[in-house]
Amino acid sequence: MEKNFKQQLMGYMAGNFTCKEVAQLITEYLEGSFSLSQRVRFQMHIGLCLACRNYLRQMKYTVATLGQLPAEPVPPEVKEALMNRFRTWKKEQSSQGSPADSQKPS
Amino acid sequence: MSLFLWPWPSSLFVALGVPTLHDTIQLDEAGMVQALQRGDESVFSAVMEEYSGSLLRLAMSFVPSRAVAEEVVQETWMGVLEGIGRFEGRSSFKTWLFRILTNRAKTRGIREKRYVPFGLPGSDSDGDDGPSLEDSLFVPEGSGEGHWADPPQGWEADTPERALLSKECRLAIEEAISGLPDNQRQVITLRDVEGVSAEEICNILSISETNQRVLLHRARTKVRRVLDPYVRGGKK
Ligand SMILES: [Zn+2]
């Protein structure tokens, strides 16, 4: 009963974004690709609906967590091999006189 | 001469260590590029330390094994050395780096029969997972249709940093990412793990902005689902 009333109120006020639409459009919202009116409708739904508010927070949390993942460890042999290839490259560059030497005026 | 183009002595980088290098690169990318063009070994070493982990993570989304991904990372750095003389800073260094990796990894992935270019049959071109990923989250029909089947709860229990201290949680996220279709994995890796802008991702992967968002949405939705049991209040 109360839920129905709330649902109606939200439909009226929030231009009919359903909870499912909120879930489907959440990335559009977070990535800033909404128009102003879509943004307002979305925010109104979020303001009235605890479940969707939690879902939005969870999505933000998920994104933040992904951003905190530790770097993929690169084996020291790979780095060593790279430094060796760098030195070879540098030798070739300086024997050819460019571009490692290209700082001098031409 | 080039003496003043690079305001920090290379030894400073070594002294400051890798974490601070990132900030320094942000401050003066042009100086870093010039040092690489000059063949400054300690700058190359520091830049390689800074970005190789990111490159490896992205490479693994294109090729079938870690060993091949490591080779792709090496090839990428060779590509950087070959091309650095022509780098003009029209994109950020990082974007340029990721683009070199993507090109090398695609070539390699085709050879290894894993990577199928976008738009070709069997390429899973939009990472389509059926009608709607959200279907399972909502009550399907009858009374309550369109309502959350299991209303999302607060996740305030822990910060992301704290959540990642749990090895199980971290492995679950890594598995969720590696289980994604390749193109979803590439997009979420670049956007959320590496923090690359949407516009730059379209440039790196040669996809449209709409496609980028669709792939990102599907990937995030799946990772959120995997994360849920680990960060739900009260449960572990
Ligand atoms: Zn809702």
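Reader: Which word describes how α9(B) and α10(B) lie to each other?
Author: First off, this is a predicted model: local features need pLDDT of at least 70, side-chain atom pairs count only at pLDDT 80 or more, and totals for chains, interfaces and linings use all residues. The axes of α9 (residues 182-193) and α10 (residues 198-205) of chain B come within 10 Å and cross at roughly 140°, with axes being lines fitted to C-alpha atoms, for helices over the stretch in contact, and angles running from 0 to 180 degrees between N-to-C directions. Under 35 degrees counts as roughly parallel, over 145 as roughly antiparallel, 65 to 115 as roughly perpendicular and the rest as oblique. So the word for α9(B) and α10(B) is oblique.

Reader: Is the crossing of α9(B) and α10(B) left-handed or right-handed?
Author: The rule looks at how the near helix is turned from the far one: anticlockwise by less than a right angle is left-handed, clockwise is right-handed. For α9(B) and α10(B), the crossing comes out right-handed.

Reader: Which residues of α10(B) make the contact?
Author: Contact here means heavy atoms within 4.5 Å. For bookkeeping, residues are numbered from 1 along each chain as its sequence is written, chains are lettered from A and ligands numbered from 1 in the order in which they are written, and side-chain values use heavy atoms, with hydrogens and water left out. On the α9(B) side you'll find Gln186(B), Val187(B), Leu190(B) and Arg191(B). The α10(B) side supplies Ala198(B), Ile201(B), Ile204(B) and Leu205(B).

Reader: By class, how many nonpolar residues are in the contact of α9(B) with α10(B)?
Author: Ala, Val, Leu, Ile, Met, Phe, Trp, Tyr, Cys and Pro count as nonpolar, Asp, Glu, Lys and Arg as charged, and the others, Gly among them, as polar. Next to one polar and one charged residue, the nonpolar count for α9(B) with α10(B) is six.

Reader: Over in chain A, at what angle do the axes of α2 and α4 cross?
Author: α2(A) spans residues 19-30 and α4(A) residues 50-67. Their crossing is right-handed, and among the residues making the contact are Val22(A), Ile26(A) and Tyr29(A) of α2(A) and Tyr55(A), Leu56(A) and Met59(A) of α4(A). By class, that contact has ten nonpolar, no polar and one charged residues. The axes come within 10 Å, and the crossing angle is roughly 35°.

Reader: How many helices does the secondary structure of chain B come to?
Author: Helices are DSSP runs of H or I with at least four residues, strands are runs of E with at least two, and both are numbered from the N terminus. Chain A comes to five helices and zero strands. Chain B also has zero strands, and its helix count is eleven.

Reader: What percentage of the 236 residues of chain B count as buried?
Author: Buried means under 20% relative accessible area, exposed over 50% and partly exposed in between, with a 1.4 Å probe and protein chains only. In chain A, buried residues make up 35% of the 106 residues. For chain B, the figure is 52%.

Reader: What type of aromatic pair do Phe87(B) and Trp96(B) form?
Author: Rings of Phe, Tyr and Trp (its six-membered ring) pair if their centres lie within 6.5 Å; planes under 30 degrees apart count as stacked, over 60 as edge-to-face and the rest as tilted. Phe87(B) also pairs edge-to-face with Phe93(B), at 6.1 Å centre to centre and 85° between the planes. Phe87(B) and Trp96(B) are both buried. Their rings sit 4.7 Å apart centre to centre with 50° between the planes, and the pair is tilted.

Reader: Which residues does His217(B) touch, not counting residues up to four places away in sequence?
Author: His217(B) is found in α11 of chain B, residues 209-231. At 10% relative accessibility, it counts as buried. The residues His217(B) touches are Ala23(A), Gln24(A), Ile26(A), Thr27(A) and Glu134(B).

Reader: What is the phi of Ser206(B)?
Author: Most residues other than glycine have a negative phi. Ser206(B) lies in the loop between α10 and α11 of chain B, and its 56% relative accessibility makes it exposed. Although Ser206(B) is not a glycine, its phi is positive, at about 55°.
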